[in-house]
Amino acid sequence: MRIDKEEVKHLAELSKLKLSEEETERFQKDAEEIVGFFDKLKEAPEGEDKEILGKNASETIKDEEKESIGTGEEKEQFLGKEKGYLKIPKVFER
Amino acid sequence: MASFRRDEQKKQAMLKPEITIKEFHEGLVKKDFSASEAAEFFLNEIKEKDGEVKAFLEVWRKEAKEEAKEVDLKIEKGERVGYLTGIPIAIKDIILKKGKEFTAGSKILKGYKAEYDSTVVSKLKKEGAVFLGRTNMDEFAFGSTTEQSAWQVTRNPIDLERVPGGTSGGSAAALAGGMAVAALGTDTGGSVRQPASFCGAVGLRPTYGAVSRFGVVAAASSFDQVGPITKTVEDAAILFKAIVGKDKLDSTTIFHDFSEEITNPDFKEIKELTIGIPEELFDEERGTFKGLDERTALEMKKATEKLKNSGMKFKKISLPNSEYALSCYYISIFAEESSNLARFDGLRYGAEEIREKVFRKETLKEIYLNNKSKGFGDEAKRRIILGTFVLSSGFYDAYYGKAQKVRRMMRTDFERAFYEVDAILMPTAPTVAFKIGEKINDPLQMYYGDIFTVAAPLAGLPAISIPTEGLKAEKTGLPVGFQLIGKKFREEDILGIGQFYEKI
């Protein structure tokens, strides 16, 4: 399967990665080789078993109210408290 | 005075870098040394050796001494001394211990302090283990050599020119270098077993669902397990027993009552077990497994012969979809890893080094682009891109969907094989430890090295790597590990055969 530089740029964009020109070139080459190796799977038989991707997933996870795992101690790492809110490091500049 | 000197000599004879959990426990009970003396001894070993090996990212000198002191006080008061009481242990930089910094080998987590203990750490704390420090690893457990850490390249203590394997290479190197009595790693597709094989240690990957991953940074969630890296199989059994169990904080864990025999097997029963050899992976003409280097081939032959000569039964079995294992594995983990890494944006969880640059950016998207691009290393980026590719709508069915079907078939293959045999034998890695830098620029070549380790995690099965006798017997050459894969929650079979192998 052919993967060109545009495809790599598009995938990077979807993944919120900014790649340099050198990285784009390198990853394009790697991706093409690796996806070529993935193509091996196309030869694999389909199998008769249709039950895939966890048919019973909804049975195992019940939506129940549980005790919180927080101990309150996690708040110690915040910068401080003000008016009932927790302070975090400044992310945006005004 | 004379008796004092005798005591000192005795202590020195007991406290040695290669001491096992079992020997340590006996020494501690007999009061040959105290937990504090032992902690001091291993902290000193680290000081002397780790400048070269670079196994540790951080050594917790102060805390380790305090923990050891507390153990000594408890012993003085006559409290129970368990197998792991006072044991100096090293943990991978991905298994959280409250109050300490953890980075999972990545720049994007620099400065993150764990707010809670992982379940495995709290279990070991209860046993009175002494934590020496956190060990180096490939970034987010992506790699096979520990060269892809954002921080340092760890060297193999057996030959400093070579890699220790990965991704738990720091833990394996700390153990093999005599800088810890036991260590914990994590295994997604071989990250406990392969470094154990490269460093001459024992590495156990438990059954999926046996050990809680709460407080362990996720790589590929349907594969990850925490596992012991130890000096003997018996030690692996002891440490495994201490960390297993159902945990309400990890919904994949299952209650299973492991028998007492796991650390004390009945060898008569063990000898009755049958070991399978997968014909697809075996080269009949050469009489050994396919694709091995010379030393691995020879050592595998000798290990198999030794088990055969001691009366264990062998049988050829078939794993018909083996040839698809690697592709199936890498498609699946890339998908899961790229999803798991999406949460790391540099705004939460540490990211000290890149955060200050955040201020000058204008939009949220630019902040993400900046932080992720600066925070992630090469292999993480490669996996994010390829994971996004196999999950993208146009290719989902052809890659991710197909991989799940093949994974299912591989599980069935193993189920079928386990009707005939109790354990399956194969090499851990196709080669001995290679030179640092040898494969770093060829990702695909690196992936091929996982050929024997990915099958067990694809099927959720337990597997162990056990060093062959070569290095110990000849005192030269590089270590080789052979691998035993067991039935689900039948760790006692592979641990039993392993302990049997060590005795014969």
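User: Helices (H or I, at least four residues) and strands (E, at least two) are DSSP runs, numbered from the N terminus. Where is B:Thr167 found, then?

Analyst: In chain B, B:Thr167 sits in the loop between strand S3 (130-135) and helix H6 (169-176). Note that this is a predicted model: local features need pLDDT of at least 70, side-chain atom pairs count only at pLDDT 80 or more, and totals for chains, interfaces and linings use all residues. Residues are numbered from 1 along each chain as its sequence is written, while chains are lettered from A and ligands numbered from 1 in the order in which they are written.

User: What kind of peptide bond joins B:Gly166 and B:Thr167?

Analyst: A cis one, with omega about 15°.

User: And what is phi at B:Ala141?

Analyst: Near 65°. That is a positive value in a residue other than glycine. B:Ala141 is also in the loop between S3 and H6 of chain B.

User: Is B:Ala141 buried or exposed?

Analyst: B:Ala141 is buried, because 30 other C-beta atoms lie within 10 Å. The cut-offs: buried means 20 or more other C-beta atoms within 10 Å of its own, exposed means 12 or fewer, partly exposed is in between, and C-beta atoms are placed from the backbone.

User: What about A:Lys16, what is its phi?

Analyst: About 60°, positive although A:Lys16 is not a glycine. A:Lys16 is in the loop between helix H1 (5-14) and H2 of chain A. With 20 other C-beta atoms within 10 Å, A:Lys16 is buried.

User: How do helix H2 of chain A and H14(B) pack?

Analyst: Helix H2 (residues 21-38) of chain A packs on H14(B) at an angle of about 55°, with the axes 11 Å apart. Axes are lines fitted to C-alpha atoms, for helices over the stretch in contact, and angles run from 0 to 180 degrees between N-to-C directions. H2(A) and H14(B) are therefore oblique to each other. Under 35 degrees is roughly parallel, over 145 roughly antiparallel, 65 to 115 roughly perpendicular, and the rest oblique.

User: Which residues of H2(A) and H14(B) meet?

Analyst: A:Phe27, A:Asp30, A:Ala31 and A:Ile34 meet B:Lys381, B:Arg382, B:Ile385 and B:Leu386. This contact of H2(A) with H14(B) has five nonpolar, no polar and three charged residues.

User: Back to H15. Is B:Ala417 buried or exposed?

Analyst: B:Ala417, in helix H15 of chain B, counts as buried, with 20 C-beta neighbours inside 10 Å.

User: How far apart are B:Ala417 and B:Ser318?

Analyst: They are 99 residues apart in sequence and 6.7 Å apart in space, C-alpha to C-alpha. Beyond four places in sequence, B:Ala417 touches B:Gly276, B:Ile317, B:Ser318, B:Leu319 and B:Ile424.

User: And B:Asn44, buried or exposed?

Analyst: B:Asn44 counts as exposed, with 11 C-beta neighbours inside 10 Å. B:Asn44 lies in helix H3 (residues 35-53) of chain B.

Methods: Two residues are in contact if their C-beta atoms, placed from the backbone, lie within 7 Å. Ala, Val, Leu, Ile, Met, Phe, Trp, Tyr, Cys and Pro count as nonpolar, Asp, Glu, Lys and Arg as charged, and the others, Gly among them, as polar.
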